[in-house]
Amino acid sequence: MPVTRGKKPTGSAGSKIPKLNATKNENQDEGPQVKRSSSPPNGAPKKRPAFIDITNAVGQCLSDYRPNSDGSFRTAHKVQICLPGRKKEAVKKQVKKPSAASVSAKNQANLQKSSSVSSEEALPEKEKTDAEEEKEEEVQKDEAAPVEELVAAAPSAAREVPAHLQRQKIPEEFDIDSENSEDCYMCPEYAKDIFDYLKKREEKFVLCNYMPKQPSLNAEMRAILIDWLVEVQENFELYHETLYLAVKMADHYLSKTPVHREMLQLVGSTAMLIASKFEERSPPCVDDFLYICDDAYKREELISMEANILQALSFDINIPIPYRFLRRYAKCVSAGMDTLTLARYYCEMSLMEMELVPERGSLLASACLLMALVTKDLGGWSPILQFHSGYQTSDLAPVVRKLYEMLLAPPDDKLRAIRNKYSHKVFFEVASLPLVNADILEKALSQ
């Protein structure tokens with residue numbers, strides 16, 4: 001179900017982006033949020049079942065058998081069944097099988113024997129000499145040798161794995177995935193390889209400060225847009241991954257295409273629509289995003305912007321986001337939910353900071369987790385975190401200092417969505433926690 005339509009509140013005066021707060025309801029802070037239904041709108045076709053019809057396999061097999069005139073059955077097709085356990089036996093039989101020359105020689109000998117029995121005038125068969133028999137055995141061995149070598153070499157070749165496909169050896173003290181060996185959804189066999197791959201992909205999506213290329217925009221307008229996207233994510237009850245991916249896609253599009261300030265909200269809402277299609281099980285529809293923009297844009301404009309964003313990103317929208325790395329690194333130290341939520345608060349606040357846009361997601365997630373660990377007095381950047389993240393404390397220090405300065409600055413009354421969100425009991429009210437002392441933080445960074 002789309003967001004409940006009612007009285008559409010107008011945007012706040014002086015806002016740089018038209019009607020960014022159109023999603024707020026009068027009773028939003030008091031009443032519970034309405035969850036969207038996954039049922040299709042009126043007139044929409046019903047979804048097909050997830051599984052196709054299963055054919056009658058037994059009847060299909062029986063149809064291959066046709067009755068004879070006397071009522072017995074005969075097979076229409078010759079079927080060869082190869083059992084796995086008998087494969088080696090077949091190879092062995094092939095090795096012992098004599099050559100064609102020896103078979104013809106034996107057949108000729110048998111014919112001579114039979115003719116000698118049937119005919120009294122037939123001459124007795126000439127006995128082979130020892131030298132001829134040895135020569136025949138050598139020929140048979142030479143013909144069977146390639147097959148024997150192939151059989152002997154097959155298992156060793158199957159065991160050899162190329163170097164780039166060999167599993168990474170993880171020290172026992174750094175193994176955090178073996179405990180999930182029974183859970184196939186956690187991918188314990190190659191979880192480390194997945195995050196190493198995501199970290200390599202970050203090189204492809206490194207951004208810079210693109211605001212000088214945007215004559216109509218500034219960093220404050222971008223912060224207002226992201227603050228509004230956080231409200232959209234809450235109202236639609238979307239995943240946090242959807243929010244992070246939408247911000248990333250919007251930044252990549254803005255770094256390549258100049259956008260007028262009146263179209264900035266359209267860029268943000270369209271990026272959220274694409275991210276919802278990528279991350280959500282039941283993403284909001286186009287009409288939902290047109291509604292939250294207070295119908296400031298037409299349907300054709302949103303669909304056209306969707307095509308422009310995808311083409312600007314070359315349809316490669318699997319961008320590594322810091323939220324995924326944060327959960328992985330928090331698992332390394334078995335961080336509690338309150339500590340992880342505090343790190344998430346720092347990470348979500350960093351989305352609005354233009355100075356942190358060029359930072360890689362894995363590095364930003366590591367810095368946020370380190371700040372949360374120091375704030376909770378849970379130690380610093382341990383060896384297990386260094387192993388899985390690939391970062392030393394010296395690599396994180398510059399980013400941690402930027403985060404600390406950002407959080408130390410007085411809050412802006414226009415940008416309250418993230419602080420209000422993390423002031424709720426569901427998020428352990430981490431936004432109201434005091435910042436760690438600067439001396440304690442510097443001591444942790446110097447280790």
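Q: Where in the chain does Phe-428 lie?
A: This is a predicted model, in which local features need pLDDT of at least 70, side-chain atom pairs count only at pLDDT 80 or more, and totals for chains, interfaces and linings use all residues. Numbering runs from 1 along each chain as its sequence is written, and side-chain values use heavy atoms, leaving out hydrogens and water. Helix labels come from DSSP runs (H or I, at least four residues), numbered from the N terminus. On that count, Phe-428 lies in the loop between α16 (417-421) and α17 (438-445).

Q: What does Phe-428 count as, buried or partly exposed?
A: Relative accessible area sets the class: under 20% is buried, over 50% is exposed, and partly exposed is in between (1.4 Å probe, protein chains only). Phe-428 has a relative accessibility of 42%, so this residue counts as partly exposed.

Q: Which phi does Phe-315 have?
A: Phe-315 belongs to the loop between α10 and α11, and with a relative accessible area of 57% Phe-315 is exposed. Phe-315 isn't a glycine, yet its phi is positive, at about 60°.

Q: How far apart in space are Asn-308 and Tyr-253, C-alpha to C-alpha?
A: Asn-308 sits in helix α10 (residues 299-312), and at 32% relative accessible area Asn-308 is partly exposed. Asn-308 and Tyr-253 are 55 residues apart in sequence, but in space their C-alpha atoms are separated by 8.6 Å.

Q: What separates the C-alpha atoms of Glu-355 and Leu-403?
A: You'll find Glu-355 in the loop between α12 (337-349) and α13, where its 48% relative accessibility makes Glu-355 partly exposed. Leu-403 is 48 residues away from Glu-355 along the chain, with a C-alpha separation of 9.9 Å.

Q: How are α11 and α13 set relative to each other, oblique or parallel?
A: Axes are lines fitted to C-alpha atoms, for helices over the stretch in contact, with angles from 0 to 180 degrees between N-to-C directions. The axes of α11 (residues 322-332) and α13 come within 8 Å and cross at roughly 50°. Under 35 degrees counts as roughly parallel, over 145 as roughly antiparallel, 65 to 115 as roughly perpendicular and the rest as oblique. That's why α11 and α13 are oblique.

Q: How are α7 and α12 set relative to each other, roughly parallel or oblique?
A: The axes of α7 and α12 come within 12 Å and cross at roughly 25°. α7 and α12 are therefore roughly parallel.

Q: How much space lies in the largest cavity?
A: A cavity is a set of points on a 1 Å grid over the protein atoms alone where a 1.4 Å probe fits but cannot get out, and its lining residues have an atom within 4 Å of a point. Points are joined across faces, edges and corners, and volume is the space filled by probe spheres set on them. The structure has four cavities of 30 Å³ or more. In the largest one, the space comes to about 140 Å³.

Q: Which element gives the most to the lining of the largest cavity?
A: The lining has 16 residues, with Lys-248, Leu-351, Leu-356, Val-357 and Leu-364 nearest the centre. α7 (240-254) and α13 (361-375) are the elements that give two or more residues. With four residues, the top contributor is α7.

Q: What volume does the second largest cavity have?
A: Among the residues lining the second largest cavity are Glu-202, Phe-205, Lys-248, Val-357 and Arg-360. The volume of the second largest cavity is about 90 Å³.

Terms used
On a 1 Å grid over the protein atoms alone, a cavity is a set of points where a 1.4 Å probe fits but cannot get out, and a pocket is an open set with protein on both sides within 12 Å along at least five of seven lines; lining residues have an atom within 4 Å of a point.
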